[in-house]
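Here are a few notes to read alongside the structure. Keep the viewer open and find each spot as you go.

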Amino acid sequence: MSIQNLRRMTLAAMALLVCLFFVWAFWSWFSPPWTMRLATGLLAVGVFALWPLYFARALPPAPDGDTFAAAGQDESQQVAALLRELGSLGFTEGAEQLEMLGEKYRNLADVLGRRLDAGEVTYGRYLGMAERVYLAAVENLQDVAIGLRSISTIDPAALALRLEDLRQRTDFPVPEAIRAVEERRTLYQSQRQRIGTLLSQTEAAMTALDHTCAALAGVRSARGLTDASIEEAMKDLAELADRTGRYAARTT
């Protein structure tokens, strides 16, 4: 039985006890005639019958299935487009990272679904953490593709030859040309360093997904599954999800 169902049954039992206590107290205190007893009994039954309605309104609304499907389709199209772009740039490392990232996210979602009921609030919260980490890593790889595209017309080997040629010229000085070529080389090196940082962050995201998945697999003990054990298993992923908003600030 899921935690959410257990809470629902507990609250329903409490509502029933309150109704019964109300009827008993009214009858004991006032000793009403049978007509009043009947009226209070019907009132208690009516109040208890309204309880499921109140409970349903108190729960957060479930996301619409069509919304989920549309979001998933849009995301799949973006990932497919990113894969094609990384391939066209000849950057197999980034394409492999993107594919592994999707596999690890889906694997974690599957394990989480086996540990928690999909209707539970905690399930949505934890899945949201995993999704934030996954989407932040995908955005990193999108930035990698943009960075690679921005320097795709810069050939570092050609720049080195050009610098050597300019420095060997003795017919007339060309300091401005040398500075311009050196600036292009610095730009290329800076962008490559930024790309390396983004790829390292994506590796960290994949490690966090793997670690969380393994931790979730080991949280069940003889005492069963508890909120605290799930919380502990999701701890590293939660910390990484909280830091995803600072990725761009560190790499721009």
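1. Start with the side chains of N140 and Q201: a polar contact of 3.1 Å joins them. Bear in mind that this is a predicted model.

2. Where does N140 sit? Look in helix α6, which covers residues 121-150. And is N140 buried or exposed? Its relative accessible area is 3%, and buried means under 20%, so N140 counts as buried.

3. Now hop over to helix α1, residues 3-30, where you'll find L20. With a relative accessible area of 51%, L20 is exposed, because the cut-off for that word is over 50%. L20 also belongs to a nonpolar patch on the surface, together with L16 and L17. Between them, these three leucines have about 290 Å² of accessible area.

4. Which residues of α7 are buried? They are L159, L163 and L166. Look down the axis of α7 and these buried residues fall within an arc of 70°, so they line one face of the helix.

5. On the face pointing away from the buried side you'll see the exposed residues L161 and Q168. Note that a leucine turns up here too: L161 is exposed, whereas L163 is buried.

Key
Residues are numbered from 1 along each chain as its sequence is written. This is a predicted model: local features need pLDDT of at least 70, side-chain atom pairs count only at pLDDT 80 or more; totals for chains, interfaces and linings use all residues. Side-chain values use heavy atoms; hydrogens and water are left out. Helices (H or I, at least four residues) and strands (E, at least two) are DSSP runs, numbered from the N terminus. Buried means under 20% relative accessible area, exposed over 50%, partly exposed in between (1.4 Å probe, protein chains only). A polar contact is a pair of N or O atoms within 3.5 Å; within protein, one must be able to donate a hydrogen and the other to accept it, and residues adjacent in sequence count only if both atoms are side-chain atoms. Patches are made of residues with over 30% relative accessible area and no salt bridge: like charges are joined within 9 Å, nonpolar side chains (Val, Leu, Ile, Met, Phe, Trp, Tyr) within 5 Å. Accessible areas come from the Shrake-Rupley method with a 1.4 Å probe; for residues, only the protein chains shown count as cover. A salt bridge is a side-chain nitrogen of Lys or Arg within 4 Å of a carboxyl oxygen of Asp or Glu. The arc is that of the directions from the helix axis to the C-beta atoms.
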